[in-house]
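Read the sequence and the model side by side.

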Amino acid sequence: MPNLRDMPIKRKLMVIILVTTTAALLLAGIGILVFDSVFFKAQLQNDLRAQAQIIADNSTAAVSFEDEKSATEMLGALRERPHIVSACISRTDGTILASYVRPGAPADCPAASPTGNDSVFAADGLVVTRPIVLKDRRIGTMVLLYDLGEIDERIKLFSGAVLAVMVVSSLLAFLLSSSLREVIATPISQLVRATKSVSETGDYSIRAQKLSGDELGLLVDRFNEMLAGVQSRDNDLKKALLDREAAIREVDRERQRFRFMAESLPQKIFTAKPNGDVDYFNQQWLEFTGLTFEQIKDWGWTQFIHPDDLEENLRTWKQAIATGEPFRFEHRFRRADGKFRWHLSHVHSMRDADGNISMWIGSNTDIHEQKEKEEDLQRANDDLQQFAYSASHDLQEPIRNVAVYSELVAKRYHGVLDADGQQFLGFLSEGGRRLATLISDLLAYTKAGMVEVNPAPVDSAAVLQHSLASLAEAIRESDAAVTYDALPEVYMSEAHLQQVFQNLISNALKYRNQDQPRIHISAIRNGSAWRFSVQDNGIGIDSQYKERIFGVFKRLHNTHKYSGTGIGLAICQRVVKRYGGQIWVESEPGAGATFFFTIPQYAQRVRAAADESSAG
Amino acid sequence: MPAEGNIASHGRQLAKKLGAWVIAFCLLVSIARGADTPLEYDVKAAFLLNFTKFIDWPESAFSAPDAPFAICILGPDAFKNALDKMVEGETVNARKLVVRRVQRQQTGGCQILFVSKSEKNFSTALAGEGMGVLTVGESDSFFRDGGVINFVIENKRVRFDVNQTAAKRVGLDLSSKLLQVARKVD
């Protein structure tokens, strides 16, 4: 039998009704049966006692006059009661006067009770003993045996009746309940049907039908309310999904636009995740390297970088990932045919609303031809520079002779030469001196173009102190106050940095006004570079000359007022540019000037001399 | 145990039954020996005593309130002293029961008058015995003589017939139970 718990409610109700009905009837039946058997026994006892007494009373004469026939007739009346097995009338001495035996029963007289007057339930039935009394004297005994078949019959009869009532009433209960249980089962079935169709179709507009105003009706109402809630939430969700799909389509479109753009550019384009894993290379890359995307994605691209460039490249890349700073880099990529070609890479980070790097994008331009031309030019420039250096160096010796000997002539032959002769000699020695200075400066300028390949870091404060020591005489003469802040280490040649400091400070001393010169040197971090500044309180520079002053031999003032060859700032610019930095000035006339120059924080590959050749 | 009990009970019943039959047999044998046997008169004596219990005598039947209830024997006494023994200590309605042997014309004060079978030819003389006297006889002509109850031997057993007309005449009310056990009621 299946678990009652899992049965359909319809059947459950039926089972409950039937079980209840049957149990009630069974209990009632058993009650009636027990009650009846107890009372029936008592009644039977009384009844039989009375009957025995009547016979006993009526048989007084028969006993008195030994009338066996009459006594037997009297007992014969008991035939009407089929459950009386036997009955006897006996005399006081125990002899039997008359007896009655039911046909088929053993011809014994039941044993009379010793008291002679009672009724006892014995093994074979109820034995009723009554005395036969005449005029207060006992003249005999009446005994009868009553089998209990009647009680059994009665129990059987009652059981049958109870069973019949039970069957009939169960049937009636079943018939009645089958229509009554609809009242409960139908609304539940309706609700179940509704939930089933909702879950099968996903249609939340379905509503359950309310069939009653009871708890089931309430349940249906709540269910419908819940469905309405689900429906509206479902609609919201669908809308949200549509919006999201539209957004995704938009993103997709954007991505396609980006791809199309990236693919249509002649440059090699890549994008990378914030951690530097490259997740996109455009077609130009694949065609150039002859490799598949799978081979070069993430960090697979390192395989086509020239081995000499790789270490520097990785260091730059990783530093950029750490700081998020954009950078540019020149390096060589191996083409499909195995040849390396120079490329210029620009890599930029894209940041999201929170300022975190969301991706990197890089463009790589083939600069191989340009680079080759630059190298040719560099070679030519180097030759020229070598020539200029040699020339300047070789020129120093003869011009020193001119200066020395013209001074010797002026000393020794002071009295010999007339006024004109002495004036001419003065011009000669002055010209010689100027020529010597000019050559010395030219030599310095050409020296500025020659830099070490991998400079060691130097303490810029120490370099500044050396510079100030060299300029000690000039500082003392002008009574200048030179101050400086804490200064960093930089990757550059000590001689070059000293040239820059010395030129800028001597300029500041030179172009002073009537006030005491105050010069301040400081340096701050500016992105990936150090920005140095040399501030003075001198005459300042008109803004229209801010570019011109860095040219070779460009002087704003005549030599009479401010001495100099006009090559100092050109040397500074040449040095700073060599290290990948910049130099500029900010000033207002009469309000002093501040010269700025930047030096990259880490050593950069030394720029080609050709870069600033245009400035020269 | 139950089997044993049954056997024991059965045996007891058998013994009892056997005893009952032995007594009945002796009774029959003694009756069968002859009407004159003392046993017959023992029975008749008992019957006479029993009649007092089924018949109501009116108060007028007695000469005095404390007069005894007398059973009188007319004619030869066949009871020997059986009847005397029987009535010893017995009472009827608080009256002492006594046995008297009487002669004809001396029957006053008798409530039961037993007429021996040798006493015949009364020719309705018994009817004149007066109110309240139960006449009991043992001859075929007893009813003709006006007797009320007559002993007869039937199947070797003592029975009696009742003459209800005679009973009414003497003013005695015979219990229906008595009539029921009578062999014949006229």
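A:Lys135 lies in the loop between β4 and β5 of chain A. Helices (H or I, at least four residues) and strands (E, at least two) are DSSP runs, numbered from the N terminus. The model is predicted: local features need pLDDT of at least 70, side-chain atom pairs count only at pLDDT 80 or more, and totals for chains, interfaces and linings use all residues. Residues are numbered from 1 along each chain as its sequence is written, while chains are lettered from A and ligands numbered from 1 in the order in which they are written.

Stay with A:Lys135. Its phi is positive, about 50°, although the residue is not a glycine. Most residues other than glycine have a negative phi. A:Lys135 is partly exposed, because 15 other C-beta atoms lie within 10 Å. The scale is this: a residue is buried if 20 or more other C-beta atoms lie within 10 Å of its own, exposed if 12 or fewer, and partly exposed in between, with C-beta atoms placed from the backbone.

Now follow the strands on either side of this turn. β4(A) and β5(A) form a hairpin with two residues between them. Nine bridges join β4(A) to strand β5 (residues 137-146) of chain A, and the two run antiparallel. Strands count as paired if DSSP finds at least two bridges between them. A:Ile132 has A:Gly140 in β5(A) as its bridge partner. A second hairpin, also through two residues, joins β3(A) to β4(A). Here strand β3 (residues 118-122) of chain A runs antiparallel to β4(A), with five bridges. A:Ser119 stands opposite A:Val128 in β4(A). Why is strand β4 (residues 125-134) of chain A largely enclosed by the rest of the structure? Seven of its ten residues are buried.

Next comes a helix. A:Met74 sits in helix α3 (residues 68-76) of chain A. A:Met74 is buried, since 23 other C-beta atoms lie within 10 Å. Leaving aside neighbours within four places in sequence, A:Met74 is in contact with A:Ile55, A:Asn58, A:Ser59 and A:Ala62. Contact requires C-beta atoms, placed from the backbone, to lie within 7 Å. A:Met74 and A:Ile55 are 19 residues apart in sequence, yet 6.5 Å apart in space, C-alpha to C-alpha.

Further along is helix α4 (residues 149-201) of chain A. A kink of about 45° lies in α4(A) at A:Val183, shortly before the proline A:Pro187. The bend at a residue is the angle between axes fitted to the seven residues ending there and the seven starting there. A:Gly202 follows α4(A) and has a positive phi, near 70°.

Step back to chain A as a whole. Its secondary structure comes to 14 helices and 17 strands. Buried residues make up 23% of its 616 residues.

Chain B meets chain A through 13 residues of chain B in contact with 15 of chain A. On the chain A side, the largest share, four residues, comes from helix α2 (residues 60-64) of chain A.

Strands β7 (residues 149-154) and β8 (residues 157-162) of chain B pair in the antiparallel sense over six bridges. B:Val152 stands opposite B:Arg159 in β8(B).

Terms used
Two residues are in contact if their C-beta atoms, placed from the backbone, lie within 7 Å.
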